[in-house]
Structure formats: C-alpha cells, structure tokens
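Subject: Structure handover

Hello,

Here is the structure to look at before we next talk. My notes follow below it.

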Amino acid sequence: MKNKTVFFCSECGYESAKWMGQCPACKNWNTFVEEPVIAAAGGKGARAKTERQAAQPVRISEVRSEDEKRISSGIGELDRVLGGGIVTGSLVLVGGDPGIGKSTLLLQMCRALSFKDIRTLYISGEESLHQIKMRADRLGDFGSSLWMISETNLQTVQSTILKYHPQVVIIDSIQTMYSDTVTSGAGSVSQVREATNILMQIAKKENISIFIVGHVTKEGVVAGPRVLEHMVDTVLYFEGDRHASYRILRAVKNRFGSTDELGVFEMESDGLREVLNPSELMLDGMTGDAAGSAAACIMEGTRPMMIEVQALVCPTNFQIPRRTAAGIDYNRVNLLMAVLEKRLGLHTGNMDAYVNLAGGIRMNEPALDLAVVTAVISSYLNKSVSSSALFFGEVGLTGEVRAVSQAESRIKEADKLGFKACFLPEGNVRRLRGETKAALIGIRSVRDLYDRIRSSGGR
C-alpha cells in the first residue's frame, strides 16, 4: 500500500494533486482541503478486476421497459414528494437543519413499514440503541420487522445489509460512516464519497431502497462534496423553523417523479403529523380587519395552497430605511417596492418595509407578487383588505399584472374555502371556463389594484 496526500474541493469533490485558491470545476474560492488517502498497489485484486467480463452494449429496442416497483411508505405526504412511493433499489438523500425532524420522519416511516411486514434496517451512527428506543416510544408501538443497529464502520454496515437483506435501509447519518480503506476522518470528503458509492452499489445490485440522512451547512446545503447529490436518485430537503410547528418536505432532485410536489407536516409531542389541508391552517388567525394583510394562492406541484401575506410600512427613524423579508425572496420584495414607487408614486423611500409569509414557511412562486403588492398598498394607505378576497398574479417591471399557470385549480381551492372574490390577472380571466362561486375580478396593472383598494378595500 502506498500513502499519498491529495486535495479535494469541499463543494464539488474535484480532486487535485496540489492546493489551488479557486476550484476549476465549480469556481468557488478557498474550498480545497488536504486529505491523506491510500492507493492500493496493483496485485491480485487489480488483476481480478481487469479479468472480469466487461459489460456489452445492447440496442435500446432490446431493453425491456417496465414500470418501477414502488412501496408505500405509509406516510401520504412522503409518498407524494417521492412520486408515489419508495422505488425499490433507489438511493434517497434526506437533508435538513439540525433538530428539524429528519430522523423522526424516517423513524415514523419505519414504523409504518414494520406493520406491513416489510423488512427494514435502521442503522444509526449518532445514537445508541437505547436512545433510538426512547425516541421510538414517543411514536407508539412498532412491528417485529424493524431491525436496529448502532454502527459507523462501513464494512460492518455492508456485511450486515448483505446478511439480513432488508427491503429498506436507513443510514443516519452519512457523515458518521467511515471506511477502513480511507485514512481521513469520518465526515471528510473522501469518506462521504466512498460511503455513498458503496451504498449506491448495494442499492442497485441487491435491489434495496436506502435512505441516507445528510447534515447541512450554514448555507442550507448538504455538507460534504457536491458529487453526493449527483450520485443519489432523489434529494429531499426538510425545511422550516425548528421553533415553529410546521415543516415542509420538498424534492430538489427526483429521477422517478416530479420535483414540484411538496409535503406539509406539523411537529407535535408524539411525532410528525401530516397536514392534509394546509390552506386552512395557513389562513388560521387571519381576521381581515387589520391593514397590511392579503390572502394568496400558490401552487406546489399539483397542490394549491393558501397563505397569508403580511406587510408593514411605516416611517423610518433611521437615515437608511429598513427592508425585511421573511419567507419570500428579499430581492423580489425590493423589486416590487420599486415598481410601486415608480408606477404609483408611493413615496416609500423614507419608510421601513417588512413583508412576512405567515406560518414560518418559505415560498418563491411569482404568483405571490399580487398579494405582496396588495399587502404593501394596504399598509401604506392604512386600509384593510377583505379576508374573503384572494389575490394571485405576477407583477412586471412596468406595473402590468401577468397571467400565471393553473388558475383554474387556484379558483377551485378558493371556492372550496369560501372566498367571495378573486383578484387575478386579466389574461387568466379570459381563458377560464366553467362556473365559479367567487366573483372574478381581472387586474391589468398595479394602478387598477391601487384604485380598487383605495375605493373599496377589495370588497
């Protein structure tokens, strides 16, 4: 065996023989870390590898196309985000902030699978079996098909999986796994890449579904090499404020389904509870008698979701006014404020402006623009907007209100929740078909919206 030292980019995993200030692959600065690795000398193992029969190419017409086999996780919101269930032989990465509920979600999935007699193996590198049992007792009873082991050695983990051959495996977490063939410490670029590569081979060859938990950095991305997200089949992010009750599960990569779907959970004392109708919860507490509040409808995949947009505009006590955005892109709020100042003449240059999405969740859909503009105008005029009015539409730089997709689904959700009026782009009104309970009010520009709010408050 020969020892050598190489440099890895902590962002993308690019390997170099020397340190470089900027990574030539991802162009990030000061991301190279030095790690010792062991290169195996050529020998019997190397000859065996070269003598192995090479794979032969086949025509695409000869490949059988079959629907992927899926296993229901027992959690409807998780199945929705995965695209219909757990695909056998898939490798799924679950990331999220510490304490957000990643381990709780996967343990609840194991509980549901255990009652279906699906062999499940939970491998923890961070907790002892006693600690896992204490956490499991809060969730309720478990079936007999769930096995647990506390282990960090990758070779032991591999042999255990091959021995028991479960259908689903949970690795909590990938940063705690280490291989004897790599000399660097657990959690390093080399160890994470080696561990993921071995787990990927197990998943594909043995047709085992593997979920791996990944820690995230302060920027909110999975710690370790960026190649980790490229190797797995699905990347799920569990988001939300750890001090709030709501959690959002979204897919940023999914080879077997859409990345537009979203799952909503509520953290309770006995675990995570699925929120089947998040619109009612997000609008809970909205009174409509206070200025600076407007209801919006956003689309997450095929699901329409209502949310309350709040704004507060007030004279500043500082030389430079403050702009704060919670749950929505800060730059987007600044852009909309500039549109209002230019197109409507609202003098907000000497005012503080705060915009918040109630419920502690984060959304970036362009259809939120009209509700944000409504809330800002309402706060500026100190005139409340009716809580039975719904707003959605994209606002352009010239002040025009542009059409958005899936308007019919949004209006159907508004009818179901009892909204009496729906303010939407004029372009969407012309294309709609069918009867609606809510009165449809087409808006062409922010000037139309401003005049309506000033005259009637959206009533």
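**A buried glutamate**

E308 is buried, with a relative accessible area of 7% (buried means under 20% relative accessible area, exposed over 50%, and partly exposed in between, with a 1.4 Å probe and protein chains only). The residue lies in strand β16, residues 303-315. Helices (H or I, at least four residues) and strands (E, at least two) are DSSP runs, numbered from the N terminus. The side chain of E308 makes a polar contact of 2.7 Å with the side chain of S293. A polar contact is a pair of N or O atoms within 3.5 Å; within protein, one must be able to donate a hydrogen and the other to accept it, and residues adjacent in sequence count only if both atoms are side-chain atoms. Leaving aside neighbours within four places in sequence, E308 is in contact with M282, L283, M286, S293, A294, N356, L357 and A358 (contact means heavy atoms within 4.5 Å).

**What the model is**

This is a predicted model, in which local features need pLDDT of at least 70 and side-chain atom pairs count only at pLDDT 80 or more, while totals for chains, interfaces and linings use all residues. Residues are numbered from 1 along each chain as its sequence is written, and side-chain values use heavy atoms, with hydrogens and water left out.

**The chain overall**

The secondary structure of the chain comes to 13 helices and 23 strands. Of its 459 residues, 48% are buried. The C-alpha atoms fill a box of roughly 85 × 55 × 55 Å, taken along the principal axes. Among contacts with a separation of 6 or more, 68% are between residues 24 or more positions apart. For one distance within the chain, take G140 and V404: they are 264 residues apart in sequence, and their C-alpha atoms are separated by 44 Å. G140 sits in the loop between α4 (129-139) and β8 (146-150), and counts as partly exposed because its relative accessibility is 27%.

**Two nonpolar cores**

A nonpolar core is a set of buried Ala, Val, Leu, Ile, Met, Phe, Trp, Tyr and Cys residues joined through side-chain atoms within 4.5 Å. In the largest core, which has 49 residues, V309, L368, I377 and F391 touch the most other members. Helix α10 gives the largest share of this core, seven residues. What does L368 touch, not counting residues up to four places away in sequence? The list is A296, I298, I307, V309, I328, L357, M363 and G393. A second, separate core has 31 residues, including L106, C110, Y122 and F211.

**Helices**

The buried residues of helix α13 (446-456) are V446, L449, Y450 and I453. They are on the same side of α13, because they cover an arc of only 100° around the axis (the arc is that of the directions from the helix axis to the C-beta atoms). An α-helix has 3.6 residues a turn, so residues three or four places apart point the same way. The buried residues of α13 pack against α9 (330-343), α10 (369-381), β19 (389-391), β20 (394-395), β21 (401-402) and β23 (439-443).

The axes of α5 (residues 154-164) and α6 come within 11 Å and cross at roughly 10°. That makes α5 roughly parallel to α6. Axes are lines fitted to C-alpha atoms, for helices over the stretch in contact, and angles run from 0 to 180 degrees between N-to-C directions; those under 35 degrees count as roughly parallel, over 145 as roughly antiparallel, 65 to 115 as roughly perpendicular and the rest as oblique. On α5 the contact is made by L154, Q158, I161 and L162, and on α6 by E194, A195, I198, L199, I202 and E206.

T196 also lies in α6, residues 189-206. Is T196 buried or exposed? At 1% relative accessibility, T196 counts as buried. A polar atom of its side chain lies 2.8 Å from the backbone oxygen of V192. Beyond four places in sequence, T196 touches L91, I174, L228, M231 and V232.

**Backbone details**

The peptide bond from D172 to S173 is cis, with omega near 5°. S173 is in the loop between β9 (168-172) and α6.

N30 is not a glycine, yet has a positive phi of about 55°. N30 is found in the loop between β2 (15-16) and β3 (32-39), and counts as exposed at 60% relative accessibility. D117, also not a glycine, has a positive phi of about 60°. D117 lies in the loop between α3 (102-114) and β7 (120-124) and counts as exposed, with a relative accessibility of 60%.

Regards
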